[in-house]
Amino acid sequence: MIGAMITGALKRWVQAVQEFTFLLSDSVRYAFTAPRYLVDTLIQMDVIGFGSLPIVILIGFFTGGVLALQSYRTLSTFGEVGLMGKVVALSLVLELGPVLTALMVAGRNSSGIASEIGSMVVSEQVDAMRALGTDPLRKLVIPRLAATVATLPLLTILADFAGMLGGYFVSFYTVHLTTEEYWTSAYQSLTYQDVTQGLIKPFFFAVIISMVGCFQGLHTTGGTEGVGRATTRAMVVASVLIVVVDFFITKLLVGIGFF
Amino acid sequence: MNSAIELRNVSLSFESKRVLDNISFVLGEGETLFLLGVTGSGKSVLLKVMLGLLKPDSGQVLIKGQDLVPLSEEDLQPLRRRMGIVFQEGALFDSLSVFENVAYRLREEHVADEGAMEQRVREVLRFVEMEAALEKSPAELSGGMRRRVAIARTIISTPEIMLYDSPTGGLDPVTCLTINVLIAKMRDLQHVTSVVVTQRLQDVYELVKFVYSGEKQTLVPADGAATSRPATYFLMLRDGEVFFHGNEQDFTHSQNPYVRKFLT
């Protein structure tokens, strides 16, 4: 009884991984062939990119501020408060910026994509789309994938900058570092490899956010209750995958001597 | 007469549940097939199989002589352009206006002339008596209006085969009659092959006993009509299997107790 349940769960999991892989490979393959839905892609860039801008900047700003406040305690012990800019900049650009931005965008958009596509599935709009001669992969999935891949790195850059700005305000008003001390330390600490690493990660995270949302949406069953389940699952799966994939990308980049 | 739709030993299972079991039938061009059966008997699934939206586990689905089972999603598109389906709740795109919903197929076919497109959209909306709703969103429409717009969206590309999934389900009798008049209009004026899923005997009665008169712009009794229409068939599903298949005479004179339940 328990053995059958475990076998069933494993089969479903393997099947989901297989279907996700097919969806991802087909999306990448079709992305470079016509027909393309440019208008849909631009609309999604507005929804996913511009729409996420306020929360991403807000989260980035306050994360930078908290980072400065917390690191002040440690740095002051060693008399190295002048390194505040370096600590904030490196933490943000390498890890917190990409990961927090991705988690915010996942929370907002992975679930949004799943609920939108899921609602279309349960109300037979996706079937109607296919019946009217449109491939949902091209019309629904690829524009969301392209829009997320295009906007997440830009959002990450803005979040990084907002975070550094938050760190600066704390350093200036609380720790009383000068503007020059903070920004010089921040600027000089960042190497080309750091910035590149911070910008490689968002591409992987963008694929996770969009594809998990689309996958969960397209596999929605069970009416409006199913849409709710797909929405929650999309956010949870995307968030967990972001953190896990972040570890492996970092490990890989360290392994190939990227630092 | 050439066959428009032919199913040969079609079977389909969802996980361990057999949804369609060895279904076979032939429907000629211009003919009408009523798909009957209780809820969950596989009627809607069968419609989706006919359109290639679902692939059967075994068997052949021939549309105009071409088997669509081995075709890829891309290769199915030319066949689907010759067919249309009206879903149970209309399945209009919520994010698009009535105009954009109806013009959807033309935009997909990259019709560049906006003027010609608007003219064509107005023409089909007039056909379903919904021209006044051109700028409305689907959320503003009633159930019957949504289905009429769905019919307009489907017929804009003049399909040769129409599939109706419970087009009158949950509607009031007056709106049901309006929908049935449209189905008859398509069948009798444009000679469209029709497959109608229904659980209402009234639909069957209206579409079998009446024909659409282009002159009078309404349904007239079939007995006294000047033109004859192609045959009507009935296919009843029970637990995914064909329980009954026959013409009007066979259906109305059937003594089978289960079939009689649908007639009373």
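A residue counts as buried when its relative accessible area is under 20%. The legends below describe close-up views of a predicted model.

**Figure 1. Chain A is built from helices.** Of the 259 residues of chain A, 45% count as buried. Chain A has eight helices and zero strands, so that from the N terminus on its elements read α-α-α-α-α-α-α-α. Taken along the principal axes, the C-alpha atoms of chain A fill a box of roughly 65 × 50 × 35 Å. Among the contacts in chain A with a separation of 6 or more, 84% come from residues 24 or more positions apart.

**Figure 2. Helices H3 and H6 of chain A pack against each other.** Two packed helices are described by the angle between their axes and the distance between the axes. For helix H3 (residues 84-122) and helix H6 (residues 179-189) of chain A, the angle is about 45° and the axes are 7 Å apart. H3(A) and H6(A) are therefore oblique to each other. Their crossing is right-handed. On the side of H3(A), the contact is made by Met84(A), Gly85(A), Lys86(A), Val88(A), Ala89(A) and Leu90(A), and on the side of H6(A) by Tyr182(A), Ser185(A), Ala186(A) and Ser189(A). Six of the residues of this contact are nonpolar, three are polar and one is charged.

**Figure 3. A cis peptide bond in chain A.** The peptide bond from Ala34(A) to Pro35(A) is cis, and its omega is near 0°. Pro35(A) sits in the loop between helix H1 (2-30) and helix H2 (38-77) of chain A.

**Figure 4. An open sheet of six strands in chain B.** The strands of this sheet follow the order S6-S7-S8-S3-S11-S12, and their pairing is mixed. Strand S6 (83-86) and strand S12 (241-247) of chain B each have a single partner strand, so one side of each is left without a neighbour in the sheet. On average, and with direction ignored, neighbouring strands of this sheet are turned by 15° against each other. Strand S11 (residues 232-238) of chain B runs antiparallel to S12(B), and six bridges join the two. Met236(B) stands opposite Phe244(B) in S12(B).

Figure 5. In S3(B), five of its five residues are buried. In a regular strand the side chains alternate between the two faces of the sheet. Here Thr32(B), Phe34(B) and Leu36(B) point one way from S3(B), while Leu33(B) and Leu35(B) point the other way. S3(B) pairs in the parallel sense with strand S8 (residues 193-197) of chain B over four bridges, and Thr32(B) stands opposite Ser194(B) in S8(B). S3(B) also runs parallel to S11(B), to which five bridges join it. The bridge partner of Leu33(B) in S11(B) is Tyr233(B). Helix H7 (residues 201-209) of chain B lies across strand S3 (32-36) and S11 of chain B, and runs at about 170° to S3(B).

**Figure 6. The hairpin of strands S1 and S2 in chain B.** Strand S1 (residues 3-14) and strand S2 (residues 17-28) of chain B run antiparallel and are joined by eight bridges. Ser3(B) has Gly28(B) in S2(B) as its bridge partner. The hairpin of S1(B) and S2(B) has two residues between the strands, and Glu15(B) takes a positive phi near 55° there. Asn9(B), in strand S1 of chain B, has a positive phi of about 50° although it is not a glycine. With a relative accessible area of 42%, Asn9(B) is partly exposed.

**Figure 7. Ser166 in a loop of chain B.** Ser166(B) lies in the loop between strand S7 (161-165) and helix H6 (173-189) of chain B. Although Ser166(B) is not a glycine, its phi is positive, at about 45°. Ser166(B) counts as buried because its relative accessibility is 10%.

**Figure 8. The surroundings of Asn101 in chain B.** Asn101(B) is part of helix H3 (residues 98-108) of chain B. The relative accessibility of Asn101(B) is 0%, so this residue counts as buried. Leaving aside its neighbours within four places in sequence, Asn101(B) is in contact with Leu92(B), Phe93(B), Leu96(B), Pro138(B) and Arg153(B). Asn101(B) and Val149(B) are 48 residues apart along the chain, and their C-alpha atoms are separated by 8.1 Å.

Technical notes: Residues are numbered from 1 along each chain as its sequence is written. Chains are lettered from A and ligands numbered from 1 in the order in which they are written. This is a predicted model: local features need pLDDT of at least 70, side-chain atom pairs count only at pLDDT 80 or more; totals for chains, interfaces and linings use all residues. Side-chain values use heavy atoms; hydrogens and water are left out. Axes are lines fitted to C-alpha atoms, for helices over the stretch in contact, and angles run from 0 to 180 degrees between N-to-C directions. Angles under 35 degrees count as roughly parallel, over 145 as roughly antiparallel, 65 to 115 as roughly perpendicular and the rest as oblique. A crossing is left-handed if the near helix is turned anticlockwise from the far one by less than a right angle, and right-handed if clockwise. Contact means heavy atoms within 4.5 Å. Ala, Val, Leu, Ile, Met, Phe, Trp, Tyr, Cys and Pro count as nonpolar, Asp, Glu, Lys and Arg as charged, and the others, Gly among them, as polar. Two strands pair if DSSP finds at least two bridges between them. Buried means under 20% relative accessible area, exposed over 50%, partly exposed in between (1.4 Å probe, protein chains only).
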